Amino acid sequence: MFEFNKVVKDYEKLGAIERGVILTEKSVKILASLAALDVDGIDPVETLAAFVIGSVAADGKLHEKEYLLIYPALLKVFGPDFDYDGIKKMFETDKDGRKLIKKYTSELIRVLESVDEELYEDVVILCLCILTIDGKLSLKERMYVKKLIA
């Protein structure tokens, strides 16, 4: 596994074009690989999407820039019912929404235990790419993503 703190610093410095290329490349690879997995009782693609939603709100706020990066994937995975205001409200007021994200986090860890290290790292990098869009990874966001590594 790569050195987490070094990779975070690298992703905090990325420009918009570099970030877009990485997001596209990693998303296609990850979604194709996860869609091919058969994990008992878990939809790996839905689980990753839910984890990513949780990651963009890990610091207690849903940032619109981060949300806009994941919006196309949310539409494909969950359908058109995922709007910014609804998701934002869920994280601000709904404890059940946060419990659901905890459930998806533990499921994603279970899914990632069954994949090779490269795909595992790609998932972490995808999250970092999204979360550093505002230039800095907050302590809460850092702790959230580190759950995958621990």
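User: Let's start with α3: which residues in α3 are buried?
Analyst: In α3, the buried ones are P44, V45, T47, L48, A49, A50, F51, V52, I53, G54, S55 and V56. Buried means under 20% relative accessible area, exposed over 50%, and partly exposed in between, with a 1.4 Å probe and protein chains only. Helices are DSSP runs of H or I with at least four residues, and strands are E runs of at least two, numbered from the N terminus. This is a predicted model, where local features need pLDDT of at least 70 and side-chain atom pairs pLDDT 80 or more, while totals for chains, interfaces and linings use all residues. Residues are numbered from 1 along each chain as its sequence is written, and side-chain values use heavy atoms, leaving out hydrogens and water.

User: And what caps the N-terminal end of α3?
Analyst: That's D43, with a side-chain oxygen 3.1 Å from the backbone nitrogen of V45.

User: Switching topic: which residues touch the most other members of the largest nonpolar core?
Analyst: F4, Y11, L48 and L128, in a core of 41 residues. Such a core joins buried Ala, Val, Leu, Ile, Met, Phe, Trp, Tyr and Cys residues through side-chain atoms within 4.5 Å.

User: Which element gives the largest share?
Analyst: α7, with eleven residues.

User: What does L128 touch?
Analyst: Leaving out residues up to four places away in sequence, L128 touches F4, V7, V8, Y11, R19, L137 and V145. Contact here means heavy atoms within 4.5 Å.

User: Is C127 buried or exposed?
Analyst: C127 is buried, at a relative accessible area of 0%, and C129 is buried at 0% too.

Definitions and conventions:
Polar contact = N/O pair within 3.5 Å; in protein donor to acceptor, adjacent residues only side chain to side chain.
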